[in-house]
Amino acid sequence: ATQKDIAEESIVLFLFGDVCGLGMIGNRCDRSGNHINYLGTVKSAVIADNVFSRPSFGRTALRITGGTLRSPAERIYIARNKFLGWIDPQNGDNMPGRLNHNGGGTRYNISLINLSHNGNPNQHTNSCLFEDNVVSNYEGGVSVVNYRNTIIRNNIFYSSSGANGGANALSLGDSTNGSNQMRILDNIKVYNNTFLHNGTVFYAGSSAININGTSNRGPVHTRISVRNNLLISTAGRSDSLMNFTNSTAITNGQIPAVDSNNNFVDSATNTFARVLTTNNNLATWQSTYSEDLNSIAGSANLSIPFTSTALSPGFPASQEDCIAEAEAVVHNLQLSAASAGIGSGSNVPAYDDFFQQSRLNVPNTVGALQKITPTVQKVRGNVRVTWQLSLPVYSRVQFGTVSQTYTTTQENVATRQTSHVYNFSLNRN
């Protein structure tokens, strides 16, 4: 899938069976009568630097269902993409061939990204990294079901949806009381994401992270870590950072599945976490459940007031309009130097690329780390070039902006030299 700017209404990528070594890089896919991308048992995949925008209301920009327990999907890397939702203007209710446009022409995408089964509880995924993405304008942003060993970090989520389902950015677990959840979630890390909710209609269940506690095997999820996240909720909203929807998520007054700390909530109503039907401010959440003991509720203090960011009413005229809006939002979601969020995060693993090159000297700050000014680092590497003795060799290797050349001579043949090592050292951000 490398073709760019594919015509609207024609994007439907279905890959079934075992798919190994998948690369989807640099695509621009806009509008669809069905899912833009539908993947099954994917092993070793890179989905990066794409723009997937304006899917039909009842379908997704990306769905990865997973495989069986014996052959699950695994090693999936999803990074630096823009998943851009909208209010699907088509009203396809009860219209043959258009049943996927079933939002009545008034609702944002019901579920923009499914890292989840498709109604089959025997679909599973064992490892996924979802980072540095922008996810916008949805009722449901990303859902995660039957996944394990999954990291969701450094992403920006924002939505103007207020009515109907509100705007639940990240749903962990199956929302149908666990009926399609064959196994519990395990080892899920939610680090350094920025969530912006700017819908104008109150919806009690709206949250940045919605946690559905049960599975049809009984126990609640295990090892869910929620750290260094930033939620900004505009005036008049009663959004929460987390929402626990099943009573089985709570045992003896505690929530054993979740380790939550060093988060920041900027909400007009000071709602930090919702448990069943009860909204808890930070102090109540801390005293009742012993979570988020080092978290903060207050003004995020952005460098640019968010009210200055122009948002569409949900009907962007083109993919370019979607992209322009997303870039404006990302640009303005920067903490000022005086923000209490600077330095309030915890020291969690954070990397800036697929090769896990560690960030150095980055302050422990809440929210998406791609907004942190990068630190110059010294990078060293080497490349070995080999050849056959009977062939003359001229080789040129480039590493970053530095290049080196090497040419074989008679001396190489005499000494039976068949390789040369290039050593590099340069600064990179």
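## Arg-54 and its partners

Arg-54 is buried, with a relative accessible area of 5%. In this predicted model, the side chain of Arg-54 meets that of Asp-30 in a salt bridge, at 2.6 Å from N to O. Asp-30 lies in strand E2 (residues 28-32) and Arg-54 in strand E4 (residues 51-55), so the contact ties together parts that are 24 residues apart in sequence. Asp-30 is buried as well, its relative accessible area being 11%.

Arg-54 also has an aromatic neighbour: it lies over the face of Trp-86, at 5.0 Å from the ring centre.

## Overall composition

The protein chain has 429 residues, of which 55% are buried. Its secondary structure comprises three helices and 29 strands. Of the contacts between residues at least 6 apart in sequence, 71% join residues at least 24 apart.

Strands E2 and E4, which hold Asp-30 and Arg-54 respectively, belong to an open sheet of nine strands with parallel pairing. The order in this sheet is E2-E4-E7-E10-E13-E16-E19-E22-E25. E2 and strand E25 (296-297) stand at the edges with a single partner strand each, so one side of each is left without a neighbour in the sheet. Helix H2 (residues 319-332) packs on this sheet and touches E2, E4, E7, strand E10 (134-136), E13 and E16. The direction of H2 makes about 115° with that of E4.

Within the sheet, strand E13 (residues 156-159) and strand E16 (residues 194-197) pair in the parallel sense over four bridges. One of the residue pairings sets Ser-159 against His-197 in E16.

## Strand E20 and its two partners

Strand E20 (residues 240-244) has five of its five residues buried, so it is largely enclosed by the rest of the structure. Strand E17 (residues 207-211) pairs with E20 in the parallel sense over four bridges, and Asn-210 stands opposite Asn-243 in E20.

E20 also pairs with strand E23 (residues 273-275), again in the parallel sense, over three bridges. In E23, Ala-273 is the bridge partner of Met-242.

## Aromatic pairs

The model contains four aromatic pairs. One of them joins Phe-83 and Phe-130, which are stacked with 6.0 Å between centres and 20° between the planes. This pair links distant parts of the chain, with Phe-83 in strand E7 (residues 82-84) and Phe-130 in strand E9 (residues 128-131), 47 residues apart. Both Phe-83 and Phe-130 are buried. Together with Phe-52, these two residues form one aromatic cluster.

Trp-285 and Tyr-289 form a tilted pair, with 5.1 Å from centre to centre and 45° between the planes. These two residues are four apart in helix H1 (residues 282-289), which means that about one helical turn separates them. Trp-285 is buried, with a relative accessible area of 0%, and Tyr-289 counts as buried at 11%.

## Further salt bridges

The count of salt bridges comes to nine. Besides the contact between Asp-30 and Arg-54, they include one between the side chains of Asp-49 and Arg-80, at 2.9 Å from N to O. Here too the pair links distant parts of the chain: Asp-49 is in the loop between strand E3 (37-48) and E4, and Arg-80 is in the loop between strand E6 (74-79) and E7, 31 residues apart. Asp-49 counts as partly exposed at 38% relative accessibility, and Arg-80 counts as partly exposed at 38%.

Glu-131 and Arg-153 meet through their side chains in another salt bridge, at 2.8 Å from N to O. Glu-131 belongs to strand E9 and Arg-153 to strand E12 (residues 148-153), 22 residues apart, and the pair links distant parts of the chain. Both Glu-131 and Arg-153 are buried. Elsewhere, a network of salt bridges links Lys-43, Glu-74 and Arg-75.

Terms used:
Residues numbered from 1 in each chain as written. Predicted model: local features only at pLDDT ≥ 70, side-chain atom pairs only at ≥ 80, totals over all residues. Heavy atoms only, no water. Phe/Tyr/Trp six-rings, centres within 6.5 Å; stacked < 30°, edge-to-face > 60°. Buried < 20%, exposed > 50% of the residue type's maximum accessible area, 1.4 Å probe, protein only. Lys NZ or Arg CZ within 6 Å of the ring centre and 35° of its normal. Salt bridge = Lys/Arg side-chain N within 4 Å of Asp/Glu carboxyl O. Pairing = 2+ DSSP bridges. Contact = heavy atoms within 4.5 Å. Axes fitted to C-alpha atoms, helices over the stretch in contact; angles between N-to-C directions.
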